[in-house]
Amino acid sequence: MSKPKVFVTRLILDSGLRLVQDFCDVDLWADELPPPREALLKRVRGVDGLLCLLTDQIDAEVMDAAGPQLKVISNHAVGYDNINVAEATARCIPVGNTPGILTDATADLTFALLLAAARRVVEAERFVRQGKWKTWGPALLLGMDVSGATLGIVGYGRIGQAVARRAVGFGMRILYYDPAAVPPASLPAQPVDFETLLRESDFVSLHTPLTSQTYHLINADSLALMKPTAVLINTARGPVVDPQALYMALKTRRIFAAALDVTDPEPLPMDSPLLELDNLIILPHIASASRSSREQMSRMAAENLLAGLRGERLPNCVNPEVYEKLKVTRASNA
Ligand code: GLV
């Protein structure tokens, strides 16, 4: 029997790639950069499965280019704003993602950014390398306290709660805003409305998916509500923050500092005015980049892909309603 055909849009870690190669006829895009749009449209033609990254826009055009035999789309990420899930659902194509396994890595990096921005770690390191360190100084590179401060978490899902668990160790007061949250009773976190969170928090940390409701959630109006001593951390998705508004807020010291693992666009162009700011830390979207998390993501993305190809339920499916639709379609065809 011939193997199912799949397109894998980048070299993923061996733990998942080997599984896919054992079971499938794999077309692998092995470049360092993602496939350009034309190449993506060409290479998906006739595939049974697609294993893609958050850098690939998977929309109706890509699904049309692939053809009606496309059985599964597996995203190597927990976020799936790069995929038109409604379109996949309409075509009964299950979409997989990789939740859970990157929660701790992402929460750890959030805390690394929070501490680094509060205590000006990156700026201080630059100061040393630039030969500016002349002596110990009473007012040299003063930052903000983390211990005992108020942390406002926007989006209180798995990652938001993992950040809260870390904050408990720092004796922080924890607020969260998430109308859809099912909070665990074990964490001393208080639900508040968005404005209260912005007004009362010393640190505002974003952990919400990117949707039409969260696009530019942090804008000039929300930044205006924050304390002048506040720090903003974004390890969610770049477009949740309006970059122009953030630039103005940091430049005019409306807020103390910010730290971003994600930007809009990605990568951030080298002429972005954000890169001029001393009170901003920017990382290249590495929150889940611990070896073990990325190995597990690779494996989970492969397992989702293989399950879809076998016609089995994906272990992690973002649109499980496709299974109801498939049942109805099968029953009406019987
Ligand atoms: C990373 O940003 C992810 O969504 O996995």
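Helices (H or I, at least four residues) and strands (E, at least two) are DSSP runs, numbered from the N terminus. The model is predicted: local features need pLDDT of at least 70, side-chain atom pairs count only at pLDDT 80 or more, and totals for chains, interfaces and linings use all residues. Residues are numbered from 1 along each chain as its sequence is written, and side-chain values use heavy atoms, with hydrogens and water left out.

**Backbone geometry**

- Most residues other than glycine have a negative phi, and most peptide bonds are trans.
- The bond from Asp-264 to Pro-265 is cis, with omega near 0°, and the bond from Glu-266 to Pro-267 is cis as well, with omega near -10°.
- Pro-265 sits in the loop between β11 (257-260) and β12 (280-282), and Pro-267 is found in the loop between β11 and β12 too.
- Arg-253 has a positive phi near 60° and lies in the loop between α10 (243-251) and β11.
- Cys-92, not a glycine either, has a positive phi of about 60°; its place is the loop between α4 (85-90) and β5 (95-96).
- Arg-253 is exposed at 52% relative accessibility, whereas Cys-92 is buried at 17%. (Buried means under 20% relative accessible area, exposed over 50%, and partly exposed in between, with a 1.4 Å probe and protein chains only.)

**Packing of helix α1**

- Helix α1 (residues 14-23) has Ser-15, Gly-16, Leu-17 and Val-20 as its buried residues.
- These buried residues pack against β1 (5-8), β2 (25-28), β3 (49-52) and α11 (291-309), where contact means heavy atoms within 4.5 Å.

**Salt bridges**

- The structure holds 17 salt bridges, each a side-chain nitrogen of Lys or Arg within 4 Å of a carboxyl oxygen of Asp or Glu.
- Arg-43 pairs with Asp-27, the closest N and O atoms being 2.8 Å apart. The pair links distant parts of the chain, 16 residues apart: Arg-43 is in helix α2 (residues 37-43) and Asp-27 in strand β2. Arg-43 is partly exposed at 28%, and Asp-27 is partly exposed at 25%.
- Arg-126 and Asp-278 meet at 3.6 Å, N to O. This pair also links distant parts of the chain, 152 residues apart, with Arg-126 in helix α6 (residues 121-129) and Asp-278 in the loop between β11 and β12. Arg-126 is partly exposed at 31%, and Asp-278 is partly exposed at 46%.
- Glu-303 pairs with Arg-299, with closest N and O atoms 3.3 Å apart. Both lie in helix α11, four residues apart, about one turn of the helix.
- Arg-37, Asp-59 and Glu-61 are linked in a network of salt bridges.
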